[in-house]
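Dear colleague,

Please find below the structure that I am handing over to you. My notes on it follow directly after.

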There are 2 protein chains.
Amino acid sequence: MALIDSVKFDEKGLVTAVVQDILTNEVLMVAYMNRETFLETIDSGRMVYFSRSRGKRWLKGETSGHFQIVKELYIDCDGDSMLFKVKQTGAACHENYFSCFFRKCESSSWKIIRTKMEDK
Amino acid sequence: MALIDSVKFDEKGLVTAVVQDILTNEVLMVAYMNRETFLETIDSGRMVYFSRSRGKRWLKGETSGHFQIVKELYIDCDGDSMLFKVKQTGAACHENYFSCFFRKCESSSWKIIRTKMEDK
């Protein structure tokens, strides 16, 4: 049985991918994959998503150089969410934070609790 | 500005919630919230989801007793994914694993890499 046979793609053909840093266990981002980009990710060892906003394949790091190298992969009980542990190069977030989750709820408002990474 | 004003619910009125254990940083599960269950979660301090399969409110632990107590909350750059760090009582997974991500990709197949928790 192939790996992908256990993956439940939704009515749009997408599955949720949670991305966690292999070293710190920080959750870096959440994105989506279709069948093709899931297979490309497995095959290439680099995270490739399907961009819902742009409606097309999205190789993470293609423009920023901030590639994500797949180290471990887990699937949840329902098969509709995947957990990837990756080696993150540079910032995962396009706003130049290591993690996209750089805002925390404090005293009923969102506070930025990370510092931006240095540009190269 | 209210917390919820930064949350981007999708066309079905849902936002993705990634749930991480506050003690171990393990990712426990991925689920979804609508506006009402997001507000109830913030207000009550217990994780309340919207079940896509059952089409209704879902207080985690209501039948199992495995409640999730909210400890920290983060929002991502786009506002369409939330990260909750929780104190997990018992198993997060209905199959009695601590995390729903109990299957890992090894040698091109899914292997169960966790042990089930003891029943009470």
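How many bridges join strand E7 of chain A to strand E5 of chain B? There are 2 bridges between E7 (residues 103–106) of chain A and E5 (residues 68–75) of chain B, and these strands run antiparallel. Helices (H or I, at least four residues) and strands (E, at least two) are DSSP runs, numbered from the N terminus, and two strands pair if DSSP finds at least two bridges between them. A:Arg103 has B:Ile75 in E5(B) as its bridge partner.

Before going further, please note that this is a predicted model, in which local features need pLDDT of at least 70 and side-chain atom pairs count only at pLDDT 80 or more, while totals for chains, interfaces and linings use all residues. Residues are numbered from 1 along each chain as its sequence is written, chains are lettered from A and ligands numbered from 1 in the order in which they are written, and side-chain values use heavy atoms, with hydrogens and water left out.

The sheet

The strands named above belong to an open sheet of 6 strands with mixed pairing, in the order E8(A)-E7(A)-E5(B)-E6(B)-E1(B)-E2(B). E8 (109–112) of chain A and E2 (27–33) of chain B stand at the edges with a single partner strand each, so one side of each has no neighbour in the sheet. From one strand to the next, the twist averages 35 degrees.

The two chains

Chain A is superposed on chain B by a rotation of 180 degrees with 0.0 Å of shift along its axis (RMSD 0.0 Å), which is the relation of a two-fold axis. The superposition is by least squares on the C-alpha atoms of residues with pLDDT of at least 70 in both copies. Among the residues of chain A, A:Asn25 comes closest to the rotation axis, at 3.1 Å (C-alpha).

Aromatic rings

Over all chains, the whole structure holds 4 aromatic pairs (ring centres of Phe, Tyr or Trp, the latter by its six-membered ring, within 6.5 Å; planes under 30 degrees apart are stacked, over 60 edge-to-face, the rest tilted). One of them joins A:Tyr49 and A:Trp58, whose centres are 5.0 Å apart and whose planes stand at 45 degrees, so the pair is tilted. A:Tyr49 is buried at 0% relative accessible area, whereas A:Trp58 is partly exposed at 25% (buried is under 20%, exposed over 50%, partly exposed in between, with a 1.4 Å probe and protein chains only).

Yours sincerely

Key:
Axes are lines fitted to C-alpha atoms, for helices over the stretch in contact, and angles run from 0 to 180 degrees between N-to-C directions.
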